[in-house]
Amino acid sequence: MKYYFLCIAISFFGITNAQNCSLTFLGEITDFHDASPISAATIYIKNLDRYITSDIDGKFKIEDLCEGDLTLVISHVGCETKTVTFNMNSDLFKEIALEHHIEELGEITVKNSVARKETKTAQETTIKSKELAKYSSLSLGDALKEVSGVSSINTGNTIVKPMINGMHSSRLLILNNNVRLQDQEWGIEHAPNIDINSANQISVIKGSGTLAYGGDAIGGIVVIKPSRSLLKDTIFGKTTIGGQTNGRGYNLTTSLNSNFNSGWFANIQGSFKKNGDFKAPDYNLTNTGSQSQGLSIRAGKKQFESGFEIFYSYVNNEIGILRASHIGNIADLVSAINTQEPLVIDDFSYDINFPKQDVTHHLIKASYYRRFKNFGKLSLQYDYQNNQRFEFDVRVGSDRNKPALDLTLQTHTLNADAILDAKDTYKLKFGALARYQDNFANPDTGVRRLIPDYERYDFGAYITSEWDISDELLLDAGIRYDFNRIDAKKFYQTSRWEQQGYDQDFGSIVIEDLGTQLLTNPVFDFHNFSFASGLKYELNDQSFITANYALASRPPNPSELFSDGLHHSAARIELGDLRLDQELSNRFSASYSFEKKRLNILLEAFYNHISDFMFLQPTGIEQTIRGAFPVWAYQQTNAALYGIDFSANYEFNDVLSLLNKSAYIKGDDLKNDTALIDIPAFNTINQIKYTNPKWNGFSASLKSEWVFEQKNYPDYNFETFIASTNQTVLVDISTPPGAYHLLHLYSDINFDITKHTKLNLALSINNLLDTNYRSYLNRLRYFADDLGRNVMLQIQLNY
């Protein structure tokens with residue numbers, strides 16, 4: 001009997017098992033963007049440990065499945081591998097979307113050497129992490145000179161502002177991890193608050209062709225990107241230690257990156273730099289030391305369909321200003337110009353005394369994105385920036401330790417962007433921006449506030465498009481509108497108010513008459529329209545051409561509108577003008593690129609016509625309690641800037657190569673039929689490089705930098721009477737210094753310490769021959785020579 005019941009039980013369970021394993025799964029694999037079928041995708045069925053492929057319609061079928069979880073691992077060439085799990089309790093049909101746009105995966109690729117371009121038709125050059133490593137102890141402005149056509153305008157050797165095709169300050173837009181930098185960048189003496197060690201790649205875009213970032217970038221855009229997040233379980237980092245002879249400086253930077261296959265990531269980076277007084281070939285440059293600290297933290301989760309990021313950046317720079325540049329009056333300026341050595345030369349010191357700057361910058365960013373099927377990607381971002389700027393002059397008495405300038409700038413920005421890329425043939429991007437900014441100028445300095453209190457409101461919207469007309473031709477175009485409002489509270493001396501004619505034009509903005517002073521409330525609204533269009537045409541597999549037109553509009557910044565005070569290191573009084581209107585730029589550009597196995601050539605040309613171009617011009621002399629000073633006032637004219645940038649690299653063989661980078665630019669004041677001020681002279685850089693991979697990747701290069709004398713410049717020289725000598729003298733503030741030629745040496749070598757640890761040793765010598773020279777674009781050229789020889793040793797450990 002028991003055998004009878006056992007046979008019945010076995011039969012019953014057998015029937016039950018057969019019934020539960022007769023399920024069918026139908027799948028269809030499609031493109032995430034446009035729902036088009038993906039054929040020949042590989043499907044690994046984990047439960048059955050076997051493989052199948054999708055048919056020409058992207059479909060596949062799995063039969064005889066049992067109840068429970070079904071796990072599939074789906075992969076295809078050019079797609080991100082995807083793992084999905086379904087609960088099978090009946091027959092099931094599912095559509096499975098894969099990302100089939102390779103460029104979208106650039107964010108999570110493991111190939112850090114790949115350059116990520118921001119544009120398709122604009123003149124863009126990328127600087128990769130290997131090149132940036134050379135500038136660990138230097139500044140952003142120094143690193144950007146790797147790009148042909150990019151120079152810098154300096155205040156001494158530590159305040160370095162980037163200049164692209166003759167444009168700088170508010171005409172350049174700088175983004176740090178997709179956040180537009182707001183750090184009182186108005187004046188020449190305000191350098192960007194960026195720690196170069198936090199950058200993994202930098203893109204330099206000439207002109208305003210990228211409207212998503214802003215429509216006022218008449219000169220260009222600098223995009224600074226951190227390291228990529230990787231979809232793999234890994235932890236890595238690097239530590240760099242450096243030292244240099246000039247300034248007896250030292251620097252330390254370290255970073256640690258952790259990534260997970262799930263998409264989570266975290267990065268932390270910190271750096272410290274310190275330099276004492278720098279040295280020209282023949283003397284010390286007293287009070288030119290600097291100290292800098294930087295910290296950045298990133299964390300978040302990034303997957304293809306969604307992700308978020310939290311980012312914090314901190315930078316503090318304390319910068320000494322050449323003591324000899326602190327001028328007491330016009331007589332001191334004349335004496336400094338006519339004397340070959342600085343009027344103050346002391347022994348070397350690490351002390352940073354007055355005059356100096358002390359600037360602290362905080363940046364906080366939170367961002368989120370999500371991709372939607374058959375639509376595209378939506379991104380939201382909020383960022384907050386706090387910038388505290390102190391500028392100290394040499395003062396006496398109870399005001400000795402008070403800053404002459406004390407500004408706090410706070411900025412809140414909200415961005416929303418959408419990319420519609422469901423179709424392969426075109427891409428549409430649009431977005432909107434809202435920004436609130438508050439500037440507080442502390443009145444307790446005891447000095448007339450150079451920049452007043454103000455609030456600024458910005459609203460912007462843009463739309464851009466990109467079309468693949470054919471395999472060879474790509475077109476893009478975009479339009480942007482920005483509204484800007486500046487609401488300020490400013491005191492004017494009654495005499496200055498009437499002298500400027502403001503009593504006739506702006507009488508309605510006076511809110512209180514204090515006799516010798518007037519309290520005013522100027523409110524300005526600016527409506528700015530921008531447009532950009534370009535094309536890229538592939539001539540063949542080795543070359544292509546691009547052409548671009550950009551219309552850009554830039555409103556005056558607070559310095560141009562409201563400046564009203566004495567800049568001691570410049571020995572001049574600077575005056576803004578309430579009548580200034582926005583600049584309007586029409587920029588035409590074209591480029592030709594050729595890349596062969598051993599030869600790369602890039603030729604770029606541009607013409608930029610700017611209506612109502614704003615610039616500083618001397619207008620006379622003013623007597624103050626400190627003495628007589630020239631007055632420089634903001635003016636407007638029509639300007640034309642045009643030039644050619646050229647770069648070429650030729651490899652003679654596997655170990656020897658030759659590089660050339662040259663740039664020519666000319667700037668014309670069309671109204672006054674003269675040249676524009678502060679335009680770079682023709683310069684050319686030639687470098688010969690030897691590389692031997694068999695010698696632990698040893699490389700050595702010798703670079704020749706030749707800067708010609710600027711022959712095209714405006715004559716703003718003037719005569720003045722010096723009471724102490726009872727003479728009328730010529731004050732030559734315009735004549736550029738002569739041409740100069742410098743040699744620079746760089747070499748490095750790599751060692752494998754362990755399987756995952758590498759050591760890089762780098763030695764560089766700038767100004768190898770210790771040449772005396774003065775740069776036309778250095779604001780302190782009246783007072784001292786530029787830097788002499790500097791030997792730098794850098795040790796970098798990658799682990």
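A disulfide is a pair of cysteine sulfur atoms within 2.5 Å. With that in hand, here are some close-up views of this predicted model.

**View 1. The disulfide between cysteine 21 and cysteine 66.** The structure holds one disulfide, and its partners are cysteine 21 and cysteine 66, with sulfur atoms 1.8 Å apart. The pair links distant parts of the chain, 45 residues apart. Cysteine 21 sits in the loop between helix H1 (2-20) and strand E1 (23-31), while cysteine 66 belongs to the loop between strand E4 (59-65) and strand E5 (68-75). If you look along the S-S bond, the link of cysteine 21 and cysteine 66 is right-handed, with an angle of 95° about that bond.

**View 2. Where domain 1 meets domain 2.** Domain 1 covers 21-98, and domain 2 is made up of 222-386 + 402-798. Taken over C-alpha atoms, the centres of the two domains are 52 Å apart. At the meeting place, eight residues of domain 1 are in contact with 11 residues of domain 2. Together the two domains bury about 910 Å², and 49% of this lies on carbon and sulfur atoms.

**View 3. The salt bridge between lysine 82 and glutamate 305.** Domain 1 and domain 2 share one salt bridge. Glutamate 305 pairs with lysine 82 in a salt bridge whose closest N and O atoms are 3.3 Å apart. On the side of domain 1 that touches domain 2, the residues divide into three nonpolar, one polar and four charged. The count of residue pairs in polar contact between the two domains, both at pLDDT 80 or more, is one.

View 4. The whole structure has 37 salt bridges, and one of them is shown here: lysine 365 with glutamate 309, the closest N and O atoms being 3.6 Å apart. Lysine 365 lies in strand E22 (residues 356-372) and glutamate 309 in strand E21 (residues 306-320), so this pair ties together parts that are 56 residues apart in sequence.

**View 5. The cis peptide bond at proline 355.** Phenylalanine 354 and proline 355 are joined by a cis peptide bond, with omega at about 0°. Proline 355 itself is found in the loop between helix H4 (330-338) and E22.

Terms used
Residues numbered from 1 in each chain as written. Predicted model: local features only at pLDDT ≥ 70, side-chain atom pairs only at ≥ 80, totals over all residues. Heavy atoms only, no water. Domains from an automatic or database assignment. Contact = heavy atoms within 4.5 Å. Buried area = accessible area lost by both parts, 1.4 Å probe. Salt bridge = Lys/Arg side-chain N within 4 Å of Asp/Glu carboxyl O. Polar contact = N/O pair within 3.5 Å; in protein donor to acceptor, adjacent residues only side chain to side chain. Nonpolar A, V, L, I, M, F, W, Y, C, P; charged D, E, K, R; others polar. Helix = DSSP H or I, 4+ residues; strand = E, 2+ residues; numbered from the N terminus.
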